[in-house]
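The sequence and the structure come first.

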There are 2 protein chains.
Amino acid sequence: MGFERIFSYNLGREAGVTAEQVRKDFSQFGIRGKKKGEYCIEELLDNLNDIFGKNEQEDVILVGMGNIGKALARYECGFVKKRKYIIAAFDIDPSKYKKNADVQVLPMEMMPRFIRDNGITVAIIAVPGISAQDVCNQLIDCGIRGIMNFAPIILKAPPEIVIDNINLCNSLEGVIHCAKRGKDDFGCE
Amino acid sequence: MGFERIFSYNLGREAGVTAEQVRKDFSQFGIRGKKKGEYCIEELLDNLNDIFGKNEQEDVILVGMGNIGKALARYECGFVKKRKYIIAAFDIDPSKYKKNADVQVLPMEMMPRFIRDNGITVAIIAVPGISAQDVCNQLIDCGIRGIMNFAPIILKAPPEIVIDNINLCNSLEGVIHCAKRGKDDFGCE
(Lines give C-alpha, C1' and ligand atoms only; values in the text may rest on other atoms or scores of the structure.)
Protein backbone atom coordinates (compact mmCIF):
# COMPACT_ATOMS: atom_id res chain seq x y z
CA MET A 1 0.00 0.00 0.00
CA GLY A 2 3.05 2.22 -0.08
CA PHE A 3 3.13 3.14 3.63
CA GLU A 4 6.58 3.55 5.11
CA ARG A 5 5.77 4.42 8.70
CA ILE A 6 3.23 3.28 11.25
CA PHE A 7 2.23 4.53 14.70
CA SER A 8 1.81 2.53 17.89
CA TYR A 9 -1.86 3.55 18.01
CA ASN A 10 -2.46 2.01 14.54
CA LEU A 11 -0.94 -1.27 15.71
CA GLY A 12 -2.74 -1.14 19.05
CA ARG A 13 -6.10 -0.60 17.38
CA GLU A 14 -5.59 -3.64 15.11
CA ALA A 15 -4.32 -5.81 17.97
CA GLY A 16 -6.98 -4.68 20.44
CA VAL A 17 -4.53 -3.21 22.96
CA THR A 18 -3.47 0.32 23.89
CA ALA A 19 -0.77 2.25 22.06
CA GLU A 20 1.16 2.36 25.36
CA GLN A 21 1.16 -1.43 25.56
CA VAL A 22 2.52 -1.69 22.01
CA ARG A 23 5.37 0.71 22.81
CA LYS A 24 6.12 -1.06 26.09
CA ASP A 25 6.20 -4.52 24.47
CA PHE A 26 8.39 -3.31 21.62
CA SER A 27 10.83 -1.57 23.93
CA GLN A 28 11.22 -4.78 25.98
CA PHE A 29 12.62 -6.38 22.84
CA GLY A 30 14.85 -3.42 22.08
CA ILE A 31 12.66 -2.03 19.31
CA ARG A 32 12.75 1.74 19.59
CA GLY A 33 10.40 4.02 17.68
CA LYS A 34 10.93 7.57 16.59
CA LYS A 35 9.12 10.39 18.37
CA LYS A 36 5.49 9.75 19.37
CA GLY A 37 5.57 5.99 18.78
CA GLU A 38 6.33 6.17 15.09
CA TYR A 39 8.01 3.11 13.55
CA CYS A 40 9.57 2.47 10.16
CA ILE A 41 7.54 -0.47 8.82
CA GLU A 42 10.41 -2.23 7.09
CA GLU A 43 12.71 -2.02 10.11
CA LEU A 44 9.91 -3.14 12.39
CA LEU A 45 9.14 -6.20 10.27
CA ASP A 46 12.82 -7.15 10.16
CA ASN A 47 13.04 -6.86 13.93
CA LEU A 48 9.87 -8.89 14.52
CA ASN A 49 10.95 -11.60 12.09
CA ASP A 50 14.29 -11.87 13.91
CA ILE A 51 12.62 -12.08 17.32
CA PHE A 52 10.29 -14.85 16.19
CA GLY A 53 13.01 -16.69 14.27
CA LYS A 54 11.02 -16.34 11.05
CA ASN A 55 14.15 -15.98 8.94
CA GLU A 56 15.96 -18.93 10.47
CA GLN A 57 16.10 -22.19 8.59
CA GLU A 58 14.78 -25.09 10.61
CA ASP A 59 14.71 -28.78 9.76
CA VAL A 60 11.84 -30.79 11.22
CA ILE A 61 10.69 -34.39 10.86
CA LEU A 62 7.27 -35.85 10.22
CA VAL A 63 5.96 -39.08 11.73
CA GLY A 64 3.10 -40.77 9.88
CA MET A 65 2.57 -40.64 6.10
CA GLY A 66 -1.19 -41.04 5.99
CA ASN A 67 -3.45 -38.47 4.33
CA ILE A 68 -2.54 -35.59 6.61
CA GLY A 69 1.16 -36.49 6.58
CA LYS A 70 1.25 -36.60 2.79
CA ALA A 71 -0.47 -33.23 2.52
CA LEU A 72 2.04 -31.70 4.94
CA ALA A 73 4.99 -33.19 3.03
CA ARG A 74 3.63 -31.49 -0.09
CA TYR A 75 2.80 -28.24 1.68
CA GLU A 76 5.87 -26.66 0.13
CA CYS A 77 4.36 -23.36 -0.82
CA GLY A 78 3.83 -22.80 2.87
CA PHE A 79 6.71 -24.33 4.79
CA VAL A 80 9.55 -23.99 2.29
CA LYS A 81 8.86 -20.31 1.64
CA LYS A 82 9.34 -19.81 5.36
CA ARG A 83 12.53 -21.91 5.42
CA LYS A 84 10.99 -24.67 7.50
CA TYR A 85 11.89 -27.98 5.89
CA ILE A 86 10.47 -31.43 6.51
CA ILE A 87 13.73 -33.26 5.84
CA ALA A 88 12.44 -36.77 6.54
CA ALA A 89 9.26 -38.68 7.31
CA PHE A 90 8.89 -41.90 9.26
CA ASP A 91 6.23 -44.59 8.95
CA ILE A 92 5.71 -48.20 10.03
CA ASP A 93 4.37 -49.18 6.58
CA PRO A 94 7.22 -50.44 4.30
CA SER A 95 5.12 -49.72 1.19
CA LYS A 96 5.64 -46.01 1.88
CA TYR A 97 9.44 -46.07 2.02
CA LYS A 98 11.01 -43.96 -0.74
CA LYS A 99 7.89 -44.10 -2.87
CA ASN A 100 6.94 -40.57 -2.07
CA ALA A 101 8.99 -38.06 -4.02
CA ASP A 102 8.13 -35.12 -1.79
CA VAL A 103 10.24 -36.26 1.13
CA GLN A 104 12.30 -39.33 2.04
CA VAL A 105 10.20 -41.82 4.02
CA LEU A 106 12.16 -44.02 6.42
CA PRO A 107 11.36 -46.88 8.82
CA MET A 108 10.51 -45.96 12.40
CA GLU A 109 13.59 -47.82 13.64
CA MET A 110 15.81 -45.23 11.97
CA MET A 111 14.14 -42.31 13.72
CA PRO A 112 16.19 -42.12 16.96
CA ARG A 113 19.50 -42.07 15.16
CA PHE A 114 18.24 -39.62 12.51
CA ILE A 115 17.06 -37.17 15.17
CA ARG A 116 20.39 -37.31 17.01
CA ASP A 117 22.60 -37.18 13.89
CA ASN A 118 20.73 -34.20 12.48
CA GLY A 119 20.15 -32.34 15.73
CA ILE A 120 16.38 -32.22 15.15
CA THR A 121 14.39 -30.60 17.96
CA VAL A 122 10.91 -30.29 16.42
CA ALA A 123 8.62 -33.02 15.03
CA ILE A 124 5.17 -33.25 13.48
CA ILE A 125 2.97 -36.17 14.56
CA ALA A 126 0.41 -37.31 11.97
CA VAL A 127 -0.17 -40.90 13.07
CA PRO A 128 -3.52 -42.37 14.19
CA GLY A 129 -4.66 -41.48 17.70
CA ILE A 130 -3.99 -44.96 19.01
CA SER A 131 -0.23 -44.78 18.40
CA ALA A 132 0.32 -41.05 18.94
CA GLN A 133 1.26 -41.19 22.64
CA ASP A 134 3.78 -43.93 21.97
CA VAL A 135 5.35 -41.92 19.14
CA CYS A 136 5.36 -38.82 21.36
CA ASN A 137 7.24 -40.71 24.12
CA GLN A 138 9.81 -41.99 21.62
CA LEU A 139 10.35 -38.51 20.20
CA ILE A 140 10.91 -36.98 23.62
CA ASP A 141 13.34 -39.78 24.53
CA CYS A 142 15.33 -38.87 21.41
CA GLY A 143 15.57 -35.22 22.40
CA ILE A 144 12.61 -33.62 20.62
CA ARG A 145 11.48 -30.45 22.46
CA GLY A 146 8.54 -29.29 20.33
CA ILE A 147 5.68 -31.23 18.71
CA MET A 148 2.94 -30.19 16.31
CA ASN A 149 0.30 -32.89 16.86
CA PHE A 150 -2.42 -33.78 14.33
CA ALA A 151 -3.52 -36.96 16.10
CA PRO A 152 -6.94 -36.44 17.70
CA ILE A 153 -5.76 -36.99 21.28
CA ILE A 154 -4.22 -34.78 23.92
CA LEU A 155 -0.61 -35.89 24.33
CA LYS A 156 0.90 -36.26 27.78
CA ALA A 157 4.39 -34.83 28.04
CA PRO A 158 6.71 -33.23 30.61
CA PRO A 159 5.96 -29.53 31.15
CA GLU A 160 9.09 -28.33 29.34
CA ILE A 161 7.98 -29.94 26.05
CA VAL A 162 6.02 -27.63 23.72
CA ILE A 163 3.00 -29.27 22.14
CA ASP A 164 0.55 -27.67 19.71
CA ASN A 165 -2.49 -29.92 19.35
CA ILE A 166 -4.24 -29.33 16.03
CA ASN A 167 -7.43 -31.32 16.41
CA LEU A 168 -9.25 -30.92 13.11
CA CYS A 169 -12.47 -32.53 14.36
CA ASN A 170 -12.65 -30.31 17.40
CA SER A 171 -12.01 -27.25 15.25
CA LEU A 172 -14.75 -28.18 12.79
CA GLU A 173 -17.17 -29.00 15.60
CA GLY A 174 -16.35 -25.68 17.22
CA VAL A 175 -17.11 -23.75 14.03
CA ILE A 176 -20.37 -25.67 13.53
CA HIS A 177 -21.41 -25.10 17.14
CA CYS A 178 -20.71 -21.38 17.10
CA ALA A 179 -22.16 -20.84 13.61
CA LYS A 180 -25.43 -22.44 14.77
CA ARG A 181 -25.79 -20.89 18.19
CA GLY A 182 -24.26 -17.52 17.42
CA LYS A 183 -21.03 -16.03 18.58
CA ASP A 184 -22.41 -14.92 21.94
CA ASP A 185 -22.85 -18.52 23.01
CA PHE A 186 -20.61 -20.19 25.56
CA GLY A 187 -17.08 -20.75 24.27
CA CYS A 188 -17.52 -18.79 21.03
CA GLU A 189 -15.50 -15.67 20.50
CA MET B 1 -11.28 -47.19 33.86
CA GLY B 2 -14.59 -48.36 35.32
CA PHE B 3 -15.54 -45.14 37.12
CA GLU B 4 -19.23 -44.36 37.20
CA ARG B 5 -19.27 -41.10 39.12
CA ILE B 6 -17.13 -38.01 39.22
CA PHE B 7 -17.02 -34.97 41.53
CA SER B 8 -16.93 -31.33 40.56
CA TYR B 9 -13.55 -30.98 42.29
CA ASN B 10 -12.08 -33.73 40.04
CA LEU B 11 -13.28 -31.88 36.97
CA GLY B 12 -12.20 -28.50 38.34
CA ARG B 13 -8.70 -29.76 39.06
CA GLU B 14 -8.29 -31.07 35.50
CA ALA B 15 -9.75 -27.91 33.96
CA GLY B 16 -7.82 -25.54 36.22
CA VAL B 17 -10.92 -23.92 37.75
CA THR B 18 -12.65 -24.24 41.13
CA ALA B 19 -15.20 -26.94 41.91
CA GLU B 20 -17.74 -24.13 42.51
CA GLN B 21 -17.17 -22.82 38.98
CA VAL B 22 -17.76 -26.30 37.52
CA ARG B 23 -21.07 -26.66 39.41
CA LYS B 24 -22.13 -23.13 38.46
CA ASP B 25 -21.38 -23.66 34.76
CA PHE B 26 -23.13 -27.03 34.69
CA SER B 27 -26.20 -25.69 36.43
CA GLN B 28 -26.47 -22.87 33.87
CA PHE B 29 -26.96 -25.57 31.26
CA GLY B 30 -29.45 -27.47 33.38
CA ILE B 31 -27.00 -30.20 34.40
CA ARG B 32 -27.74 -31.04 38.03
CA GLY B 33 -25.45 -33.20 40.17
CA LYS B 34 -26.31 -35.33 43.16
CA LYS B 35 -25.31 -34.18 46.63
CA LYS B 36 -21.89 -32.56 47.04
CA GLY B 37 -21.28 -32.03 43.32
CA GLU B 38 -21.32 -35.67 42.36
CA TYR B 39 -22.18 -36.46 38.72
CA CYS B 40 -22.96 -39.71 36.91
CA ILE B 41 -20.26 -39.82 34.18
CA GLU B 42 -22.43 -41.36 31.47
CA GLU B 43 -25.28 -38.89 31.98
CA LEU B 44 -22.83 -36.02 32.10
CA LEU B 45 -21.19 -37.02 28.80
CA ASP B 46 -24.59 -37.35 27.14
CA ASN B 47 -25.58 -33.90 28.35
CA LEU B 48 -22.32 -32.30 27.24
CA ASN B 49 -22.45 -33.96 23.82
CA ASP B 50 -25.97 -32.62 23.38
CA ILE B 51 -25.01 -29.11 24.39
CA PHE B 52 -22.09 -29.05 21.97
CA GLY B 53 -24.05 -30.71 19.17
CA LYS B 54 -21.56 -33.58 19.05
CA ASN B 55 -24.21 -36.12 18.18
CA GLU B 56 -25.85 -34.05 15.46
CA GLN B 57 -25.18 -34.86 11.84
CA GLU B 58 -23.87 -31.91 9.91
CA ASP B 59 -23.09 -31.57 6.21
CA VAL B 60 -20.30 -29.21 5.26
CA ILE B 61 -18.62 -28.30 1.98
CA LEU B 62 -14.96 -27.98 1.09
CA VAL B 63 -13.52 -25.38 -1.29
CA GLY B 64 -10.16 -26.24 -2.85
CA MET B 65 -8.95 -29.74 -3.67
CA GLY B 66 -5.22 -29.20 -3.36
CA ASN B 67 -3.07 -31.23 -0.98
CA ILE B 68 -4.78 -30.07 2.19
CA GLY B 69 -8.25 -30.35 0.65
CA LYS B 70 -7.62 -33.89 -0.51
CA ALA B 71 -6.36 -34.94 2.90
CA LEU B 72 -9.48 -33.46 4.53
CA ALA B 73 -11.77 -35.22 2.05
CA ARG B 74 -10.11 -38.50 3.06
CA TYR B 75 -10.08 -37.69 6.75
CA GLU B 76 -12.98 -40.07 7.28
CA CYS B 77 -11.74 -41.71 10.42
CA GLY B 78 -12.05 -38.34 12.06
CA PHE B 79 -15.00 -36.49 10.59
CA VAL B 80 -17.34 -39.36 9.70
CA LYS B 81 -17.06 -40.96 13.13
CA LYS B 82 -18.30 -37.68 14.52
CA ARG B 83 -21.11 -37.43 11.96
CA LYS B 84 -19.63 -34.43 10.18
CA TYR B 85 -19.74 -35.07 6.44
CA ILE B 86 -17.99 -33.25 3.63
CA ILE B 87 -20.76 -33.78 1.09
CA ALA B 88 -19.16 -31.88 -1.79
CA ALA B 89 -15.95 -30.14 -2.77
CA PHE B 90 -15.51 -27.27 -5.21
CA ASP B 91 -12.48 -26.37 -7.32
CA ILE B 92 -11.66 -24.20 -10.32
CA ASP B 93 -9.57 -26.97 -11.93
CA PRO B 94 -11.70 -29.12 -14.28
CA SER B 95 -9.20 -31.99 -14.05
CA LYS B 96 -10.36 -32.54 -10.48
CA TYR B 97 -14.07 -32.90 -11.22
CA LYS B 98 -15.37 -36.36 -10.26
CA LYS B 99 -11.93 -37.88 -10.41
CA ASN B 100 -11.63 -38.05 -6.67
CA ALA B 101 -13.58 -40.94 -5.23
CA ASP B 102 -13.60 -39.62 -1.68
CA VAL B 103 -16.05 -36.82 -2.35
CA GLN B 104 -17.80 -35.33 -5.39
CA VAL B 105 -15.79 -32.41 -6.82
CA LEU B 106 -17.84 -29.76 -8.61
CA PRO B 107 -17.12 -26.51 -10.50
CA MET B 108 -17.10 -23.31 -8.47
CA GLU B 109 -20.08 -22.00 -10.48
CA MET B 110 -22.26 -24.67 -8.91
CA MET B 111 -21.38 -23.66 -5.37
CA PRO B 112 -24.01 -20.96 -4.69
CA ARG B 113 -26.90 -23.15 -5.76
CA PHE B 114 -25.52 -26.21 -3.94
CA ILE B 115 -25.21 -24.27 -0.69
CA ARG B 116 -28.78 -22.97 -0.94
CA ASP B 117 -30.34 -26.25 -2.08
CA ASN B 118 -28.69 -28.22 0.70
CA GLY B 119 -29.02 -25.63 3.44
CA ILE B 120 -25.26 -25.68 4.11
CA THR B 121 -24.07 -23.25 6.79
CA VAL B 122 -20.46 -24.30 7.32
CA ALA B 123 -17.60 -24.48 4.81
CA ILE B 124 -13.92 -25.39 4.83
CA ILE B 125 -11.57 -23.18 2.79
CA ALA B 126 -8.43 -24.92 1.50
CA VAL B 127 -7.57 -22.71 -1.48
CA PRO B 128 -4.32 -20.73 -1.93
CA GLY B 129 -4.01 -17.54 0.10
CA ILE B 130 -4.41 -15.34 -2.95
CA SER B 131 -7.98 -16.49 -3.67
CA ALA B 132 -9.13 -17.19 -0.10
CA GLN B 133 -10.73 -13.79 0.60
CA ASP B 134 -12.67 -13.94 -2.65
CA VAL B 135 -13.94 -17.45 -1.82
CA CYS B 136 -14.81 -16.29 1.70
CA ASN B 137 -16.89 -13.39 0.33
CA GLN B 138 -18.74 -15.72 -2.06
CA LEU B 139 -19.48 -18.19 0.73
CA ILE B 140 -20.88 -15.49 3.00
CA ASP B 141 -23.02 -14.14 0.15
CA CYS B 142 -24.48 -17.63 -0.25
CA GLY B 143 -25.42 -17.83 3.43
CA ILE B 144 -22.43 -19.59 5.01
CA ARG B 145 -22.14 -18.66 8.71
CA GLY B 146 -19.04 -20.59 9.79
CA ILE B 147 -15.69 -21.14 8.06
CA MET B 148 -12.72 -23.33 8.90
CA ASN B 149 -9.88 -21.64 7.02
CA PHE B 150 -6.64 -23.37 6.02
CA ALA B 151 -5.45 -20.57 3.70
CA PRO B 152 -2.51 -18.75 5.28
CA ILE B 153 -4.24 -15.38 5.51
CA ILE B 154 -6.57 -13.77 8.05
CA LEU B 155 -9.98 -13.55 6.41
CA LYS B 156 -12.05 -10.38 6.72
CA ALA B 157 -15.71 -11.06 7.47
CA PRO B 158 -18.66 -9.44 9.24
CA PRO B 159 -18.56 -9.95 13.03
CA GLU B 160 -21.42 -12.47 13.06
CA ILE B 161 -19.49 -14.93 10.86
CA VAL B 162 -17.48 -17.54 12.77
CA ILE B 163 -14.00 -18.12 11.36
CA ASP B 164 -11.39 -20.56 12.67
CA ASN B 165 -8.05 -19.80 11.04
CA ILE B 166 -5.81 -22.85 11.00
CA ASN B 167 -2.50 -21.45 9.84
CA LEU B 168 -0.16 -24.44 9.63
CA CYS B 169 2.95 -22.32 9.07
CA ASN B 170 2.25 -20.10 12.04
CA SER B 171 1.60 -23.14 14.21
CA LEU B 172 4.86 -24.79 13.18
CA GLU B 173 6.79 -21.55 13.62
CA GLY B 174 5.23 -21.14 17.05
CA VAL B 175 6.30 -24.62 18.13
CA ILE B 176 9.83 -24.06 16.81
CA HIS B 177 10.08 -20.68 18.51
CA CYS B 178 8.88 -21.93 21.88
CA ALA B 179 10.88 -25.18 21.72
CA LYS B 180 14.05 -23.17 21.16
CA ARG B 181 13.55 -20.34 23.60
CA GLY B 182 11.74 -22.30 26.30
CA LYS B 183 8.19 -22.14 27.44
CA ASP B 184 8.71 -19.10 29.66
CA ASP B 185 9.44 -16.96 26.63
CA PHE B 186 7.02 -14.35 25.30
CA GLY B 187 3.91 -15.91 23.78
CA CYS B 188 4.68 -19.50 24.81
CA GLU B 189 2.38 -21.25 27.24
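Which residue of chain B comes closest to the rotation axis? In this predicted model, Ala71(B) does, with its C-alpha at 3.0 Å from the axis.

**Relation of the two chains**

Chain B is superposed on chain A by a rotation of 180 degrees, with 0.1 Å of shift along the axis and an RMSD of 0.1 Å. This is therefore the relation of a two-fold axis. Both copies use the same surface, since 100% of the contact residues of chain B recur in chain A.

**The interface**

On each side of the contact there are 39 residues: 39 of chain B are in contact with 39 of chain A. On the side of chain B that touches chain A, two or more residues each are given by α4 (67-73), α5 (76-79), β7 (146-149), β8 (162-165) and α8 (168-181) of chain B. Helix α8(B) makes the largest share of that side, with 12 residues. By class, the residues on this side of chain B are 19 nonpolar, 8 polar and 12 charged.

The corresponding helix of the other chain, α8 (residues 168-181) of chain A, lies across strands of the sheet in chain B, namely β3 (58-63), β4, β6 (122-125), β7 and β8. Its direction is at about 160 degrees to that of β7(B). Helix α7 (residues 129-141) of chain B also packs on the sheet, where it touches β3, β6 and β7 of chain B. The direction of α7(B) makes about 170 degrees with that of β6(B).

**The sheets**

In chain A, 6 strands form an open sheet with parallel pairing, in the order β5-β4-β3-β6-β7-β8. Strands β5 (105-107) and β8 (162-165) of chain A stand at the edges and have a single partner strand each, so one side of each is without a neighbour in the sheet. From one strand to the next, the twist averages 25 degrees.

Strand β7 (residues 146-149) of chain A pairs with β8(A) in the parallel sense over 4 bridges. Asn149(A) stands opposite Asn165(A), a residue of β8(A). Helix α7 (residues 129-141) of chain A lies across β3 (58-63), β6 (122-125) and β7 of chain A and runs at about 170 degrees to β6(A).

Chain B has an open sheet of 6 strands, also with parallel pairing and in the order β5-β4-β3-β6-β7-β8. Its edge strands are β5 (105-107) and β8 of chain B, each of which pairs on one side only. At one end of the strand order, β4 (residues 84-91) of chain B pairs with β5(B) in the parallel sense over 3 bridges. Ala89(B) stands opposite Val105(B) in β5(B).

Two packed helices are described by the angle between their axes and the distance between the axes.

| Helix pair | Angle between axes | Axis distance |
|---|---|---|
| α1 (residues 8-15) and α2 (residues 19-28) of chain A | roughly 105 degrees | within 7 Å |
| α1 (residues 8-15) and α2 (residues 19-28) of chain B | about 105 degrees | 7 Å |

Helices α1(A) and α2(A) are therefore roughly perpendicular to each other. In chain A, Ser8(A), Tyr9(A), Leu11(A) and Gly12(A) of α1(A) meet Ala19(A), Gln21(A), Val22(A) and Arg23(A) of α2(A). The contact of α1(A) with α2(A) has 4 nonpolar, 3 polar and 1 charged residues.

For chain B, the angle in the table makes α1(B) roughly perpendicular to α2(B). The residues that meet are Ser8(B), Tyr9(B), Leu11(B) and Gly12(B) from α1(B), and Ala19(B), Gln21(B), Val22(B) and Arg23(B) from α2(B). By class, the contact of α1(B) with α2(B) has 4 nonpolar, 3 polar and 1 charged residues.

**Domains of chain A**

Chain A is divided into domain 1, residues 5-51, and domain 2, residues 58-170. The C-alpha centres of these two domains of chain A lie 35 Å apart.

Conventions
Residues numbered from 1 in each chain as written. Chains lettered and ligands numbered in written order. Predicted model: local features only at pLDDT ≥ 70, side-chain atom pairs only at ≥ 80, totals over all residues. Axes fitted to C-alpha atoms, helices over the stretch in contact; angles between N-to-C directions. Parallel < 35°, antiparallel > 145°, perpendicular 65-115°, else oblique. Contact = placed C-beta atoms within 7 Å. Nonpolar A, V, L, I, M, F, W, Y, C, P; charged D, E, K, R; others polar. Domains from an automatic or database assignment. Least-squares fit on C-alpha atoms with pLDDT ≥ 70 in both. Pairing = 2+ DSSP bridges.
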